[in-house]
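Here are a few notes to read alongside the model. Keep the viewer open and look up each residue as you go.

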Amino acid sequence: MQNDTGKLEAARRWRLVLGSEAATTTLDAGDLAMDRALDALYGAGPGGQRGGLGASAPNVARWLGDIRQYFPSTVVQVMQKDALERLGLQQMLCEPEMLQAVEADVHLVATLLSLNRIMPNKTRATARTVVSKVVRELEAKLANPLRQAVTGSLNRATRNRRPRHNEIDWLRTIRANLRHYQPDYRTIIPETRIGFGRKGQALRDIVLCIDQSGSMAPSVVYASVFAAVLASIKAVSTSVVVFDTAVVDLTPLLADPVEVLFGTQLGGGTDINRALAYSQGLVTRPKETIFVLISDLYEGGRNDEMLRRAAAMIAGGVQFIVLLALDDRGAPSYDRNNAEKLAAMGAPCFACTPDLFPDLMAAAIKRSSLEQWAAQAGIVRA
């Protein structure tokens with residue numbers, strides 16, 4: 001009996017996977033509704049025509065509600081992304097009613113930002129609410145690890161030997177004075193006190209230079225959140241530049257990552273050389289500057305000049321890092337020739353997931369070997 005039940009369940013699952021063309025198993029009402037939702041996106045009708053939702057916004061809104069009822073949120077997000085690509089629903093997202101029905105995630109935010117210029121005024125407030133919700137969730141998840149990693153590294157980047165009480169690095173002070181342990185008093189009498197460095201000015205200058213071409217959309221979302229968090233840390237000076245064929249300095253907007261995102265214009269061409277030319281003007285302390293270029297390195301401008309600018313920045317002492325992607329998608333598509341040339345100059349090139357970015361910045365601040373850090377983190381470098 002149990003074996004028969006298992007066979008029926010397996011047949012049911014295969015029926016849902018294969019669709020209506022494999023109608024060898026009878027489905028109950030709940031499964032039929034689930035089957036219709038899947039068939040609208042993945043099914044094929046007579047003559048091999050793909051299933052669809054029609055041009056009706058109410059139909060799409062109903063479908064979005066159905067899939068949220070039948071599937072977990074992770075599956076819903078995948079189906080929404082597939083619907084955007086397979087059924088061309090981008091224009092539908094310009095309707096406020098549609099946005100309210102969608103399960104929001106990073107990729108939806110990227111899509112909304114790419115539609116920003118054509119979005120009707122009636123939709124902008126709803127779109128901003130959706131983007132704000134996702135950004136706040138990302139901040140809640142990513143902000144504390146980044147702050148802890150960066151401030152911890154900064155505290156250890158400088159030392160002083162005459163610290164005030166609240167500046168004492170107790171762990172290093174104890175280690176340095178172990179030979180002064182007094183058995184009678186069961187304590188250490190420190191001869192030397194080691195303190196964290198006093199911060200008269202920012203200890204590091206960080207410049208995030210972000211490629212806002214369409215392929216980099218999720219990276220732009222994560223980078224904007226991280227930039228806003230870095231800007232809240234007084235011990236570092238943070239600048240943010242976004243570029244396609246033009247360059248825009250979004251540093252004045254860093255108090256609010258949502259404003260940073262709406263200051264971007266996803267899509268268009270790529271002129272890395274122009275972005276580097278602008279960024280060179282932001283570098284006033286090369287040896288204290290960490291420059292992070294977030295780009296797939298497909299240069300639409302003057303490639304040789306771009307490489308010469310990068311070489312000049314590195315030779316001047318700038319810590320130059322290339323992130324080919326800053327998202328969870330894995331290995332990105334990128335210009336391997338440019339990545340190899342930049343790596344040969346001393347600029348490590350690799351993709352980085354958001355959860356590893358705090359550790360990356362900590363390693364950069366401590367001037368640790370990023371090649372060694374990447375190897376320990378299991379990251380494949382270009």
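1. Where does serine 239 lie? Serine 239 is part of strand S6, residues 236–243. Strands here are DSSP runs of E with at least two residues, helices are runs of H or I with at least four, and both are numbered from the N terminus.

2. Before going on, a word about the source: this is a predicted model, where local features need pLDDT of at least 70, side-chain atom pairs count only at pLDDT 80 or more, and totals for chains, interfaces and linings use all residues. Residues are numbered from 1 along each chain as its sequence is written, and side-chain values use heavy atoms, with hydrogens and water left out.

3. Back to serine 239, which is buried because its relative accessible area is 15%. Buried means under 20% relative accessible area, exposed means over 50%, and partly exposed is in between (1.4 Å probe, protein chains only). Leaving out residues up to four places away in sequence, serine 239 touches Ile206, Val207, Leu208, Thr251 and Leu282. Contact means heavy atoms within 4.5 Å.

4. Now try another serine. Serine 295 sits in the loop between strand S8 (289–294) and helix H12 (303–315). Why does serine 295 count as buried? Because its relative accessibility is 0%. The side chain of serine 295 reaches the backbone nitrogen of leucine 297 at 3.0 Å. Beyond residues up to four places away in sequence, serine 295 touches Asp211, Met216, Phe243, Ile272, Val322, Leu323 and Leu324.

5. Valine 220 belongs to helix H9, residues 217–231, and is buried, with a relative accessible area of 0%. Again not counting residues up to four places away in sequence, the residues touching valine 220 are Ile210, Asp211, Gln212, Leu261, Thr264 and Leu266. Check this pair too: valine 220 and aspartate 327 are 107 residues apart in sequence, yet 9.1 Å apart in space, C-alpha to C-alpha.

6. What about a whole helix? Seven of the nine residues of helix H6 (residues 106–114) are buried, so H6 is largely enclosed by the rest of the structure. The buried ones are Val106, Leu108, Val109, Ala110, Thr111, Leu112 and Leu113.

7. Finally, look at isoleucine 174 in helix H8, residues 170–176. Is isoleucine 174 buried or partly exposed? Isoleucine 174 counts as partly exposed because its relative accessible area is 41%.

Notes
Polar contact = N/O pair within 3.5 Å; in protein donor to acceptor, adjacent residues only side chain to side chain.
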